[in-house]
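Work through the exercises below with the structure open beside you, and try each task before you read its solution.

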Amino acid sequence: MMFRNVRATAFVALFCAVGGPVLAGCDEDSDSDAGASTPSTVASARTSDPDPISGTVKITVDGRSVNVSCSGAAAGDRPVVVLLPGLGDGLDKMADFQKTLSEKGRVCSYDRLGEGASDQPNGPQSFDSTGKILTGVLDRVAGRHPVVLAGHSLGGLIAARYAPAHRDRVAGLVLMDATPSTIIADTKTLIPESATGPAADLRAQSIAVYGGDNPEKLAFQDGKVDSAGDIPVEVIQHGQPYLAALPEYGAGLEKAWSEGQRKWLELSSHSKATTAPNSGHYIYVDQPDVAVQAIQRVTAEAGK
């Protein structure tokens, strides 16, 4: 069985780098485009509703330039949907998905520091510091309005870590194959130090990524799943068990991933699990209808 690297940044979470083409659920670069970037600098503020962003612009958050894209019109009291891509992906990856969602309401996305057209981080990042940038983005794109965070992979992990401490503004969550809250322990436990060959490479590279060797310089931390109250939450899991394709350790990794998705249901007393039966890791690419319907359901419930 042949292995190859896809992208260094894809090691995180789904172990796509070592699996490469063997893991059918791993998706490479998308040709989608969020539109031409229009340079514009604004300060974040939540005290009022700023002028709506249309298209792709640069905003300033905590002294850093952040690339943001918004589309669609506000629909009554429905929250603003904010998309969070996975590690190594910019907002352009979700452009087609955002366009579909914006037919029914206001949708925004952004490049986290180190991704896409946003600035590089000044130094190592934590969930707290990346959450601070997210807060600044929400101030600008949503103002005083509530939001539904819809995150994929690492974006889902960031959204899930952010929501419990920001119940005043996060009205709902959709997690699309979100990185589990125990990803570091799972990797170290299921692929032992004694592993050799591709598995040993995968273990070492994954642990390095979790430690901050990634474009965002974000150091991961395992932790318990905190409660975000009773907000509507949908957790969507891939249905094609491609992690099982990894020799020797694949079945265990697939099981741990599934268990990690179930743990995310503890975020809310009003949570729901969904499976995209024909999808690999990139659910919003492989089965966008499943993700769109989940986001529409959560947004409708959160707007009541």
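The exercises that follow concern a predicted model, and each one comes with a worked solution.

**Exercise 1. The disulfide**

Find which cysteines are joined by a disulfide, and decide whether they are buried or exposed.

Solution. Begin with the kind of bond: a disulfide is a covalent bond between the sulfur atoms of two cysteines. The count for this model comes to 1 disulfide, and the residues that it joins are Cys70 and Cys108, with an S to S distance of 2.1 Å. This link connects distant parts of the chain, since Cys70 belongs to strand S3 (residues 64–71) and Cys108 to strand S5 (residues 107–110), 38 residues apart. The angle about the S-S bond is 115°, and the link of Cys70 and Cys108 is right-handed. For the last step, recall that buried means under 20% relative accessible area. Cys70 has a relative accessibility of 2% and is therefore buried, and Cys108, with a relative accessible area of 1%, is buried as well.

**Exercise 2. An aromatic pair and its surroundings**

Describe how the rings of Phe97 and Tyr284 are arranged, and state which residues form a cluster with them.

Solution. A pair of aromatic rings is described by the distance of the centres and the angle of the planes. The whole structure holds 4 aromatic pairs. In one of them, Phe97 and Tyr284 lie 5.6 Å apart from centre to centre, with 40° between the planes, and the pair is tilted. Phe97 is in helix H2 (residues 95–101), whereas Tyr284 is in helix H8 (residues 283–286), so that the pair links parts of the chain 187 residues apart. Phe97 has a relative accessible area of 4% and is buried, and Tyr284 also counts as buried, at 4% relative accessibility. Together with Tyr282, these residues, Phe97 and Tyr284, form one aromatic cluster.

**Exercise 3. Helix H9 and the residue after it**

Work out how far helix H9 reaches, and compare the exposure of Thr299 with that of Gly303.

Solution. Helix H9 has 15 residues, and the distance from its first C-alpha to its last is 21 Å, close to the 21 Å expected at 1.5 Å a residue. Next, look at its buried residues, among them Val290, Ala294, Val298 and Ala302. An α-helix has 3.6 residues a turn, so residues three or four places apart point the same way. Thr299, which is found in helix H9, is buried, with a relative accessible area of 2%. If neighbours within four places in sequence are left aside, Thr299 is in contact with Arg78, Pro79, Val81 and Val148. Gly303 lies in the segment after helix H9 (288–302) and is partly exposed, at 26% relative accessibility. With the neighbours within four places again left aside, Gly303 is in contact with Asp77 and Pro79. The C-alpha atoms of Gly303 and Asp77 are separated by 5.7 Å, although these residues are 226 residues apart along the chain.

Notes:
Residues numbered from 1 in each chain as written. Predicted model: local features only at pLDDT ≥ 70, side-chain atom pairs only at ≥ 80, totals over all residues. Heavy atoms only, no water. Phe/Tyr/Trp six-rings, centres within 6.5 Å; stacked < 30°, edge-to-face > 60°. Helix = DSSP H or I, 4+ residues; strand = E, 2+ residues; numbered from the N terminus. Buried < 20%, exposed > 50% of the residue type's maximum accessible area, 1.4 Å probe, protein only. Contact = heavy atoms within 4.5 Å. Disulfide = S-S within 2.5 Å. Expected span 1.5 Å × (residues − 1).
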